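Dear colleague,

Please find the structure below, handed over for your study. My notes on what was found in it follow.

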Amino acid sequence: MASDNRPLSPHLQIYKPQFTSVLSILHRITGVALALGTFLLVYWLMAAAAGPDRFAQAQGLIGSIIGRLLLFGWSFALFYHMLNGIRHLFWDAGKGFELKTAFLTGWLVVAGAVLFTLIAWIAAYSVMGGI
Amino acid sequence: MADKGGLRTPLARARGLGPAKDGVAHWWAQRVTAVALVPLVIWFVASIVLLSNCSYERFTAWIGSPLPAVLTILLIVATFRHAQLGLQVVIEDYVHREGTKLAGIVLVKLGAFALGTAAVFSVLKISFGG
């Protein structure tokens with residue numbers, strides 16, 4: 001059949017990972033992780049709607065070590081997905097496809113995500129009087 | 001495959017046979033929600049950071065007041081639409097058994113709708129009197 005000769009998109013298992021392809025799959029992974037994280041958001045909002053006791057319980061759970069670690073990962077995923085999503089929107093407009101630009105914007109996304117995450121957590125801890 | 005001379009034209013038979021069924025509308029909705037989410041997410045994260053570990057009274061007073069309530073509901077709607085569209089693409093890319101794929105897509109749609117409704121209801125309940 002003719003379809004046997006059609007070009008295939010690079011399969012992750014056999015294609016040598018490159019900076020740009022790693023960022024690409026990371027966009028998808030963070031997207032799925034964020035979708036799972038919405039369970040926490042909904043739980044938190046429902047707890048607040050249920051009353052002070054439930055809210056305190058939820059705050060305790062989210063404020064635990066595991067809760068904070070999850071939230072930390074989730075915040076990085078959120079910033080990464082948002083910044084790389086903006087990168088994708090520029091691609092949709094046909095801009096930024098040059099190899100040099102794609103690598104530069106890729107590094108900007110990674111650096112931006114790390115920076116935003118650190119700013120958010122330093123700000124959160126200073127609000128709580130922890131720093 | 002399909003017999004000639006049926007009631008349906010060849011175009012009508014071909015339509016909807018692609019994996020995405022309604023690609024352009026899906027693509028646009030994904031981008032429009034993405035654009036909406038950028039300012040909403042920045043606003044929400046900044047607000048939540050400033051409310052870190054705050055009391056129940058302070059949190060409900062904040063999320064129950066008009067502007068935060070409306071923005072949070074917009075965030076919820078855009079988030080679950082965006083997530084549903086994105087997860088659908090992931091399922092379409094990796095799940096190749098037609099039945100499992102369809103079940104996954106339906107589950108994601110129903111799940112996004114249910115979670116979104118629960119979240120919007122929570123904000124409204126807090127807004128309209130704890």
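**Findings**

Helix α2 of chain B, which covers residues 23-50, contains B:Val24. Please bear in mind throughout that this is a predicted model. B:Val24 is exposed, because its relative accessible area is 62% and the term applies to values over 50%. Together with B:Trp27, B:Trp28 and B:Val32, the residue B:Val24 makes a nonpolar surface patch of about 440 Å².

**How the two chains meet**

The size of an interface is often given as the accessible area lost when the parts come together. Between chain B and chain A, the buried area is about 2700 Å². Carbon and sulfur atoms give 79% of that area. In terms of residues, 37 from chain B are in contact with 29 from chain A.

The interface also has polar features. Four residue pairs are in polar contact between chain B and chain A, counting pairs with both residues at pLDDT 80 or more. On the side of chain B that touches chain A, the elements giving two or more residues are α2, α3 (56-64), α4 (66-94) and α5 (98-127) of chain B. Of these, α2(B) gives the most, with eleven residues.

**Salt bridges**

How many salt bridges does a search of the whole structure find over all chains? The search finds three, and two salt bridges lie across the interface of chain B and chain A.

One salt bridge is formed by the side chains of A:Arg28 and B:Asp93, at 2.8 Å from N to O. This pair crosses between chains, since A:Arg28 is in helix α1 of chain A and B:Asp93 is in helix α4 of chain B. A:Arg28 counts as partly exposed, at 24% relative accessibility. B:Asp93 also counts as partly exposed, with a value of 36%.

Another salt bridge brings together the side chains of A:Asp92 and B:Arg31, at 2.8 Å from N to O. A:Asp92 lies in helix α3 of chain A (residues 65-92) and B:Arg31 lies in helix α2 of chain B, so this pair joins two chains. The relative accessibility of A:Asp92 is 33%, and this residue therefore counts as partly exposed.

A further salt bridge links the side chains of B:Glu98 and B:Lys101, at 3.6 Å from N to O. These two residues are separated by about one helical turn, because they are three residues apart in helix α5 of chain B. B:Glu98 counts as partly exposed, at 48% relative accessibility. B:Lys101, in contrast, is buried, with a relative accessible area of 12%; the term applies to values under 20%.

In chain A, A:Thr30 is found in helix α1, which covers residues 19-50. At 5% relative accessibility, A:Thr30 counts as buried. What does the side chain of A:Thr30 reach at 2.8 Å? It reaches the backbone oxygen of A:Leu26. Leaving aside neighbours within four places in sequence, A:Thr30 is in contact with A:Ala77, A:Tyr80 and A:His81.

In chain B, B:Gln88 belongs to helix α4. This residue counts as buried, with 7% relative accessibility. When residues up to four places away in sequence are not counted, B:Gln88 touches B:His26, B:Ile105 and B:Lys109.

Helix α5 of chain B contains B:Ser122. Is B:Ser122 buried or exposed? At 1% relative accessibility, B:Ser122 counts as buried. Not counting residues up to four places away in sequence, B:Ser122 touches A:Leu45, A:Met46 and A:Ala49 of chain A. B:Ser122 and B:Glu98 are 24 residues apart along the chain, and their C-alpha atoms are separated by 36 Å.

**Where to begin**

Yours sincerely,

A colleague

Key. Residues numbered from 1 in each chain as written. Chains lettered and ligands numbered in written order. Predicted model: local features only at pLDDT ≥ 70, side-chain atom pairs only at ≥ 80, totals over all residues. Heavy atoms only, no water. Patch = residues over 30% accessible without salt bridge, like charges linked within 9 Å, V, L, I, M, F, W, Y side chains within 5 Å. Areas by Shrake-Rupley, 256 points an atom, 1.4 Å probe, with all protein chains shown as cover. Salt bridge = Lys/Arg side-chain N within 4 Å of Asp/Glu carboxyl O. Helix = DSSP H or I, 4+ residues; strand = E, 2+ residues; numbered from the N terminus. Buried < 20%, exposed > 50% of the residue type's maximum accessible area, 1.4 Å probe, protein only. Contact = heavy atoms within 4.5 Å. Buried area = accessible area lost by both parts, 1.4 Å probe. Polar contact = N/O pair within 3.5 Å; in protein donor to acceptor, adjacent residues only side chain to side chain.
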